[in-house]
Amino acid sequence: MERFVDAAPGVRLWAEERGAPDAPVLLLVMGAQASGLGWPDELVELLAVRHRVIRYDHRDTGRSTAAFDEQPYPLTALAEDAVAVLDAFGVEHAHVVGMSMGGMLTQLLVADHPERLLSATVIGTNALSSTPYVAPDGRRVPPEELPGVSPELMELWSRPVEDRGPEAELERRVEHWRVLGGDLIPFDAAYARELERRIIAHTGHHHHAGTAHARADYSGMERTEQLAATDVPTMITSAPAEPVAPAPHAEHLAQVIRGARLVEIPGMGHALPREVHAPLAAAILDHTGRS
């Protein structure tokens with residue numbers, strides 16, 4: 001079932017739910033400039049076997065309001081949007097899974113709205129904490145000194161994005177997914193292309209690449225003390241081919257979030273190809289089942 005959610009004055013978000021209406025709710029929170037359809041249908045269906053799954057388009061993505069140019073917002077507002085989605089669906093408590101920027105938003109929910117979360121799963125992001133990473137040899141490494149984005153991805157991000165029409169934009173996105181996926185799972189360009197065709201069709205009114213979330217205010221997001229004291233059961237996924245938040249970011253997250261478990265998804269990078277659907281869904285369902 002699809003619907004629109006009034007998240008804030010002048011801001012409407014597209015959302016969809018699948019699964020049994022009486023099943024425990026699982027909210028999927030995507031990354032920067034990513035539509036809710038960035039969660040592939042096949043993965044959603046695996047999760048919907050045991051959950052009422054809700055996915056949605058952030059502001060300035062998909063069918064949701066393109067608000068930033070007229071109404072700039074801090075990134076923290078996107079975490080409050082997630083709460084608004086739960087409210088609109090009448091959900092008091094939910095399991096939350098966030099990827100990339102969505103993993104940051106999930107940490108904000110763990111810190112600021114723990115009473116709404118049954119569990120949290122954080123995928124492919126860095127910790128919103130100033131606590132140093134403790135390396136296997138005992139060294140304490142400041143978070144800002146942990147490995148950064150891969151050089152290949154940085155080079156891709158440094159290129160100006162020009163509007164050369166929908167097909168050229170489609171191919172640019174496919175190349176982006178190739179780099180995001182890492183080098184352990186063979187890249188399926190046809191699969192990535194079909195996913196992006198669905199996202200462009202879903203958006204409807206344009207194929208242009210968005211920049212709002214990159215321009216949003218990222219200040220005020222650190223939650224060191226709250227994450228260290230949380231009672232929300234949290235799972236961190238470790239992805240061996242991760243190019244955005246490479247090792248040891250996942251290990252750092254597992255250290256700074258109280259009681260967090262670290263689970264490796266074999267071959268995974270910063271993408272959701274078919275090969276990771278089953279192991280990722282199994283890990284998520286095991287985690288929500290424990291909670």
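**Helix packing and the nonpolar interior**

In this predicted model, helices α4 and α5 are roughly antiparallel to each other, because the angle between them is about 160 degrees and angles over 145 degrees count as roughly antiparallel. Helix α4 comprises residues 151–158 and helix α5 residues 166–180, and their axes lie 10 Å apart. The crossing of α4 past α5 is left-handed. On the α4 side, the contact is formed by E152, L153, L156 and W157, while α5 contributes E175, H176, R178, V179 and L180.

The largest nonpolar core contains 48 residues, and L27, Y56 and I236 have the most contacts inside it. Both strands and helices give two or more residues to this core, among them the strands β2 (11–18), β3 (25–29) and β4 (52–56) and the helices α2 (76–88), α3 (101–112) and α9 (249–256). Apart from neighbours within four places in sequence, L27 contacts I54, Y56, A82, V85, L86, H95, V96 and V97.

R223 is located in the loop that joins α7 (212–215) to α8 (224–229). Is R223 buried or exposed? R223 counts as buried because its relative accessibility is 12%, and the cut-off for burial is under 20%. When residues up to four places away in sequence are not counted, R223 touches T76, L108, A111, D112 and L128.

Conventions: Residues numbered from 1 in each chain as written. Predicted model: local features only at pLDDT ≥ 70, side-chain atom pairs only at ≥ 80, totals over all residues. Heavy atoms only, no water. Axes fitted to C-alpha atoms, helices over the stretch in contact; angles between N-to-C directions. Helix = DSSP H or I, 4+ residues; strand = E, 2+ residues; numbered from the N terminus. Parallel < 35°, antiparallel > 145°, perpendicular 65-115°, else oblique. Left-handed = near helix turned anticlockwise from the far one by under 90°. Contact = heavy atoms within 4.5 Å. Core = buried A, V, L, I, M, F, W, Y, C linked by side-chain atoms within 4.5 Å. Buried < 20%, exposed > 50% of the residue type's maximum accessible area, 1.4 Å probe, protein only.
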